[in-house]
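Open the model in your viewer and keep the sequence panel beside it. The tour goes from one selection to the next.

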Amino acid sequence: MNRLIEQFLDYLALERGLRENTTEAYGNDLESFNTFLLRQKIATFNDATRKDILHFLMEEKERGLATSTLSRRLVAIKVFYRYLVQEGLISENITEAMDS
């Protein structure tokens, strides 16, 4: 799963032209999400559900993260899933109906 995150960050930097600070923040957000999934015994991003994403965000909120950070984490996850579908790496974007 780390390889997919690295590919995504390269895509953001090279093809979308996002600033280094933004790609670094997205990378941290996705690493946290990946760690959460592994703790939940979820082996791939394709196996995660909307409920898993909400559970992740609730855990992060309980840890005391600011609302702005939680919002950015959700945006990072949404953009990541959009990328995975666009590249044919997963079949469904589970974040489509989620509001930031």
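## Stop 1: where H2 meets H4

Select Ala 25, Tyr 26, Asp 29, Leu 30, Ser 32 and Phe 33 in H2; they meet Arg 72, Arg 73, Val 75, Ala 76, Ile 77, Phe 80 and Tyr 81 in H4. By class, this contact of H2 with H4 has nine nonpolar, one polar and three charged residues.

Now show the two helices whole. H2 covers residues 20-39, and H4 covers residues 67-86. How far apart are the axes of H2 and H4? The axes are 9 Å apart, and the helices pack at an angle of about 85 degrees. Angles of 65 to 115 degrees count as roughly perpendicular, so H2 and H4 are roughly perpendicular to each other.

## Colour by confidence

This is a predicted model. Colour the protein chain by pLDDT. Its mean is 92, and 98% of its residues reach 70 or more. Among the elements, H1 has the lowest mean pLDDT, at 92. Helix H3, residues 50-62, has the highest, at 96.

## Stop 2: the aromatic rings

Show the aromatic side chains. A search of the whole structure finds 10 aromatic pairs. Zoom in on Phe 8 and Phe 80. Their rings form an edge-to-face pair, 5.1 Å centre to centre, with 70 degrees between the planes. The pair links distant parts of the chain: Phe 8 sits in helix H1 (residues 2-14) and Phe 80 in helix H4, 72 residues apart.

Two of the names, Phe 33 and Tyr 81, were already on screen at the contact of H2 with H4.

## Stop 3: Glu 60

Select Glu 60, in helix H3. This residue counts as buried because its relative accessibility is 5%. Which residues touch Glu 60, leaving aside its neighbours within four places in sequence? Glu 60 is in contact with Ser 32, Leu 65, Leu 70 and Arg 73.

## Stop 4: Glu 87

Finish in the segment after H4, where Glu 87 lies. Glu 87 counts as partly exposed, at 42% relative accessibility.

Technical notes
Residues are numbered from 1 along each chain as its sequence is written. This is a predicted model: local features need pLDDT of at least 70, side-chain atom pairs count only at pLDDT 80 or more; totals for chains, interfaces and linings use all residues. Side-chain values use heavy atoms; hydrogens and water are left out. Rings of Phe, Tyr and Trp (its six-membered ring) pair if their centres lie within 6.5 Å; planes under 30 degrees apart count as stacked, over 60 as edge-to-face and the rest as tilted. Helices (H or I, at least four residues) and strands (E, at least two) are DSSP runs, numbered from the N terminus. pLDDT is the predictor's confidence in each residue, from 0 to 100. Axes are lines fitted to C-alpha atoms, for helices over the stretch in contact, and angles run from 0 to 180 degrees between N-to-C directions. Angles under 35 degrees count as roughly parallel, over 145 as roughly antiparallel, 65 to 115 as roughly perpendicular and the rest as oblique. Contact means heavy atoms within 4.5 Å. Ala, Val, Leu, Ile, Met, Phe, Trp, Tyr, Cys and Pro count as nonpolar, Asp, Glu, Lys and Arg as charged, and the others, Gly among them, as polar. Buried means under 20% relative accessible area, exposed over 50%, partly exposed in between (1.4 Å probe, protein chains only).
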